[in-house]
Amino acid sequence: MLRCIELAEKGIGKTYPNPLVGCVIVNENKIISEGWHKKAGENHAEINALLKIKNVEILERSTLYVNLEPCCHFGKTGPCVNKIIEMKIPKVVIGCLDYSKKNNGEGVKILKKNGVEVKVNILKEVCINLNKRFFTYELKKRPYIIIKWAESFDGYFSPTKENRTENRPYWISSLKSRKLAHLWRSHEESILIGVQTANDDNPKLTNRYYKGNNPIRIILDPNNRINKKLEILNDNNKTIIFTKSKELNLKNKFWIKINYKSSIKSLTNKLYKLGVQSLIVEGGKKTIEGFLNKNIFDEIRVFKSKKILLNGIKSPKFKCSLKKEYKLGEDLVRIYSSNNKII
């Protein structure tokens, strides 16, 4: 099962709106084939593993391992359970159920009904966490939300505006940390900042240090204050500006109205309707505190720098469990989890 999880992770950031799935086929305690889901619309992990088997008769004496319940519905590809049954695989071992309404145990029922021995919930919590984005979207009807910032050693989020001399980001974290942040961006479907941060920093909000999809850029701009000369409005990458007064589509830039009286809930509802499964919130402080105050988030990721600012804008306050901590060059990376359970 651990190998299934390793394989599934190869698809992170590339399979939206589908989950991350890896599959291993074992015969006489030896792995004879493996596969993973690489991209939405392409073969699922089980099919990719099965297609590598030349002598299909061996499958009648083999066990198929997969981290997520095989699908039983027709989408861009056919149901994996049908192929498993067709190949006469006698045993299937599953990490966790697919709790989405399209499956939710139906795949297991079909396999058992057709004589397949099924074992479920092997490394269940690890497998659920692997697909935290997919499950949050399907069950909570909102994206999986990661809040991220860098702070100085003395706890400042950024210098005050009057202490900044240029209309670009002020880097608190190291280059290594910024590269990691770009890797994180490549994993998620969207990234969000407030209009003040956009106007002050003129950020690109892309993952320039890594290959992969750039996240959809999202700007909270209730009063249409965004500077039309910003880079995010003058490149080819998709950008959504959430406003309260007008709607407009213009060269992959979309102005969409939301209810700013309940802005965070209205925002996450709209992102769910748009099919967005994950979101990184990168600033500014007022925007981040909007998510924290409503307890609508799943993780916090903080880069703690050795840089000392002495004054500035204090970092947001929060109460969460520290999940992981490690050194990255001169910075300290801290990852916190909210108390919001995935399932």
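How do the residues of the lining of the largest pocket divide into nonpolar, polar and charged? They divide into 19 nonpolar, 15 polar and 15 charged, where Ala, Val, Leu, Ile, Met, Phe, Trp, Tyr, Cys and Pro count as nonpolar, Asp, Glu, Lys and Arg as charged, and the others, Gly among them, as polar. The model is predicted, so that local features need pLDDT of at least 70 and side-chain atom pairs pLDDT 80 or more, while totals for chains, interfaces and linings use all residues. Residues are numbered from 1 along each chain as its sequence is written, and side-chain values use heavy atoms, with hydrogens and water left out.

A pocket here is an open set of points on a 1 Å grid over the protein atoms alone, where a 1.4 Å probe fits, with protein on both sides within 12 Å along at least five of seven lines; lining residues have an atom within 4 Å of a point. The volume of the largest pocket is about 1200 Å³, taken as the space filled by probe spheres set on the points, which are joined across faces, edges and corners. Of its 49 lining residues, Phe157, Thr197, Glu282, Gly283 and Gly284 lie nearest the centre. Elements that each supply at least two residues of this lining include β7 (156-158), α7, α9 (263-273) and β13 (278-283); helices (H or I, at least four residues) and strands (E, at least two) are DSSP runs, numbered from the N terminus.

Helix α7 has 13 residues (175-187) and should span 18 Å at 1.5 Å a residue, which agrees with the 19 Å between its end C-alpha atoms; the expected span is 1.5 Å times one less than the number of residues. Among its buried residues are Leu180, Trp184 and His187, buried meaning under 20% relative accessible area, exposed over 50% and partly exposed in between (1.4 Å probe, protein chains only). In α9, the buried residues are Ile264, Ser266, Leu267, Thr268 and Leu271, and they pack against β6, β8, β9 (216-220), β10 (239-243), β13 and α10. Just after α9, glycine 275 takes a positive phi of about 80°.

The second largest pocket has a volume of about 580 Å³. Pro17, Asn18, Pro19, His73 and Lys102 lie nearest its centre among 29 lining residues, and helix α6 (residues 132-140) gives the most to the lining, with three residues.

Isoleucine 122 lies in the loop between β5 (117-120) and α5 (124-130). At 27% relative accessibility, isoleucine 122 counts as partly exposed. Beyond its neighbours within four places in sequence, its contacts (heavy atoms within 4.5 Å) are Met1, Val93, Ile94, Gly95 and Cys127.
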